[in-house]
Amino acid sequence: MIVFDHVTITYPGTHAPTLVDVDLTIPEGEMVLVVGRTGSGKSTLLRAINGLVPHFTGGTLAGRVLVNGRDTAHHPPRELADVVGVVPQDPMSGFVTDTVEDELAYGMECLGLAPEVMRRRVEETLDLLGLAELRQRPLRSLSGGQRQRVAIGAVLTSHPQVLVLDEPTSALDPGAAEEVLAALQRLVHDLGVTVVLAEHRLERVIQYADQVIVVPGDGRPVQVGRPGDIMLNAPIAPPVVELGRLAGWHPLPLSVRDARRAAGPLRDLLVGRTPHLRAVPVEARRLALVERLTVRYGSRAALRDVSLSVASGEVVALMGRNGAGKSTLLNAMVGIGPATQGRVEVDGSAPATLSGPALLRRVGLVPQEPGDLLEATTVADECRASDRDADCEPGTTRALVALMAPDIEDGTHPRDLSEGQRLLVALCVILAARPPLLLLDEPTRGLDYPTKARLGRVLADLAAAGHAIVLATHDVELVADVADRVVILADGEVVADGPTEQVVTSSPMFAPQVAKILSPQHWLTVDQVAGSLFRAHAPIDAAIGGIATPPASGAAG
Amino acid sequence: MREPRWLHAGAWWAWALGLAAAASRTTNPLLLSLLVVTAATVVHARRPDAPWARSFAFFLRLGVVIIVVRIGVQVLFGAAIGTTTLVHLPGIVLPSFLAGVRLGGDVTFESVLMAFYDGLRLATILICVGAANSLASPTRLLKSVPAAMYELGVSVVVAMTFTPQLVTDVDRLQTTRRLRGRASSGPRAIAGAAVPVLEGALERSVALAAAMDSRGYGRRGTTTASARRLTVVALLGGLVACCIGAYGLVASGSPFALGLPMLAVGVLLAVAGAVAAGRTATRTRYRPDPWRVSEWLVLAAGLAVVFAFLLAQWLEPAAMNPSVDPAVWPSLPLVAVLGITLGATPAWTSPTVPLTNAVEHPTRSPATLKAAA
């Protein structure tokens, strides 16, 4: 169905090609997973399938890309629209109309299909993706998972033989991600659609893939193979695979189901052992207090009677559906948002009454789009501005950046940084004032495994140095890795608040893979299991250890 | 009870533009207020529960701002008319080369009244456009745009949907400044947010363009280039003629030939172009809005207002533009009032709108749940 015939793609202004000599064939009706680090050329590979590269982006393509026999060199994206459907990373950015039904019909209108055909296909697609109740809804009023399904439906109505998706689940909560993946499964199995998707969250998708394409991104050739073979030696792997490798299971399990079947002996071995838990300092100081907080947007209560207390040295994870009120709670803790009922205190004072350095020395928030924090045109300027804002020694921020992300250069424009680098720079900017309370909103969106692991270590070190950390996230594996406590919000109310191992293991939605495999025992991560079996701790990155400066005590003023 | 359905967007826009055209013919505050009330009544009765429908309140506020600004300008710079002095502001004598421009001085009741009438007229026109905007979103209007004009229409609609997005972006970035310990309002905050907002908008438009291209927007049809050129000329010519005609109709004192006849020529040209374009277009349309009796009734209501106002102007010119010097209490010309009454009929004659359940995610207010049940 898709043939890459010795394809090399070079963008203008770069010294090395982004993709080198890609030679592969994707047969009909397969689900193919494209993995690789951020910036490795995954998106380029995906966009070459429908000719967006190079017709839309520029650059040169050597070799040939054939889709259903059509050469993309002679067919621009619009002439391939009936064969390839592309779902962009942010579905909202690709919507042309404003209601669900019109959006589903848009592609067919462009293809010039007869009205009766359009009508029938819209109805079929509404049923196939479970969108029938949403047909009249404005697109802006949909939730993340619904938007993603509409975006898939919108390209499906043209009956493409190939569906290309760029990180379809990265912004979704676990429930919505399941929804989308189930829909994709149906397409592959029932309709024989060929699906090519890129995804960082391997733990969510690897079990569904028929083939995996690894894009190394450093000039080495791409690797293609069955998921089981690729995962045997892959440097990045989901927890289920890592546990399988640790326990020496063969064949290597890719799904929780397979792993559970193999896990009997391991469970027996682990009876009587307990996970090694990080000790929370005893003389902990209460850094944040939220009491009976209610936040309203118009007539709608985003938060209702929420109470929360966070002590120094603690890492608290806020979880819950998209729109459950996680961001609202974080915003309230830095004094952003509409007038509230109830009490919010950080380090003894109400954040809404603070501003400038006095606020920065008590609490810092890294927002969902870390790039929003960065206004300067170079990293060096940004760091200088940050020192001024926080009223601290010149060079403080730059030193932090050098520790956390040594590969970032002074003259780079913040927009040219990779997603992960931008997050780390934003984190440094916030940390410059050494706030004892650090808040992060969805820090792992779009991060690859190595960057995520690095962030996890940074957070653990900061907590060890006495910072209190609250992070809102959908990423259950990160939570299992770093959080001491989990608070689950639903519809603006706290529905669970307790130690991580108790809260996440009691809920199938929020349980990490290792917990699902080893339940009823309370293990959360592969490191815990390995540590208990071999009494060896995971090595800690020495360079990162240096940033664990104790937070400013007593805060200024 | 008729089945709820969407009225043709063109009918709503024609009706609203009829009201706006009527408003432009008068400065009578009673008539203008009645027009605003009419627009508000119909919007209230037939507005869908979608996000774009909430823009009417914004247009009302904008109307108030226009009136205030108009009066402010009059007080500061306008030439005084009449003799009833309300306040005496210190005047500034300007150098002789600026003769005719005045700063400060006496503020008379008559000049304030004149400015109020003038501002109210402009505000009413704007509110009528706002009514059309919330009754039928510009995107729905696009569904009925002739095929040859489609690409032009898309760019207009994309621009219109980007504006609200820009406002949200500015808002978000201004709040984010607080996280850096900077002022989150004031000119510096806006300046700081400007570059990231524009960059974001640019990125979004590129993403949208890529998405539209991948979905087949602008596929080559079987049309020959010359046929396409001819249609575009006919359509654009028709549009220009329509504009001139509309201006001639609206602007008092323009020659008769520039009014209705020009408009008719424009409409004919546009229709011919549209028919030709429709015959060659490769695009098809999904569930086009039908044009039925209700649409004719709404269109007729809009036209009735225009004709009533034209008639009233001919019969009672003094009542349509009440004197401000000397100030008199405005009277109500009967014909115009009858016209406005007809203009309000769409509140009953048009079909009710279907329920979209458009609750902002993740809200489920009890009212909508009940309605859905």
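Modeller: Start with one term. Two residues are in contact if their C-beta atoms, placed from the backbone, lie within 7 Å. Keep in mind that this is a predicted model.

Biologist: Which residues touch the most other members in the largest nonpolar core?

Modeller: The general idea comes first. In soluble globular proteins, nonpolar side chains tend to be buried together. Here the largest nonpolar core has 188 residues, and Val34(A) and Met333(A) touch the most other members. Helix H17 of chain A, residues 419-431, gives the most to this core: nine residues.

Biologist: Now helix pairs. At what angle do helix H1 and helix H4 of chain B pack?

Modeller: Two packed helices are described by the angle between their axes and the distance between the axes. In chain B, H1 (residues 9-24) and H4 (residues 109-135) pack at about 175 degrees, with axes 8 Å apart. So H1(B) is roughly antiparallel to H4(B).

Biologist: Which residues of H1(B) and H4(B) meet?

Modeller: H1(B) brings Trp12(B), Trp13(B), Ala16(B), Leu19(B), Ala20(B), Ala23(B) and Ser24(B). H4(B) brings Arg121(B), Thr124(B), Ile125(B), Cys128(B), Val129(B), Ala131(B), Ala132(B) and Leu135(B). By class, that contact has 12 nonpolar, two polar and one charged residues.

Biologist: And in chain A, how far apart are the axes of helix H4 and helix H6?

Modeller: H4(A), residues 100-111, and H6(A), residues 144-156, have axes 6 Å apart, at an angle of about 35 degrees. H4(A) passes H6(A) in a right-handed crossing. From H4(A), the contact uses Val100(A), Glu103(A), Leu104(A), Tyr106(A) and Gly107(A). From H6(A), Val150(A), Gly153(A), Ala154(A) and Val155(A) take part. The classes are six nonpolar, two polar and one charged.

Biologist: Last, the two chains. How many residues of chain B are in contact with chain A?

Modeller: Count each side separately. On chain B, 44 residues are in contact with 52 residues of chain A. H6(B), 150-179, and H7(B), 187-214, each supply at least two residues of the chain B side. H7(B) gives the most to that side, with 11 residues. By class, the chain B side divides into 16 nonpolar, 15 polar and 13 charged residues.

Notes. Residues numbered from 1 in each chain as written. Chains lettered and ligands numbered in written order. Predicted model: local features only at pLDDT ≥ 70, side-chain atom pairs only at ≥ 80, totals over all residues. Axes fitted to C-alpha atoms, helices over the stretch in contact; angles between N-to-C directions. Helix = DSSP H or I, 4+ residues; strand = E, 2+ residues; numbered from the N terminus. Parallel < 35°, antiparallel > 145°, perpendicular 65-115°, else oblique. Nonpolar A, V, L, I, M, F, W, Y, C, P; charged D, E, K, R; others polar. Left-handed = near helix turned anticlockwise from the far one by under 90°. Core = buried A, V, L, I, M, F, W, Y, C linked by C-beta atoms within 7 Å. Buried ≥ 20, exposed ≤ 12 C-beta atoms within 10 Å, placed from the backbone.
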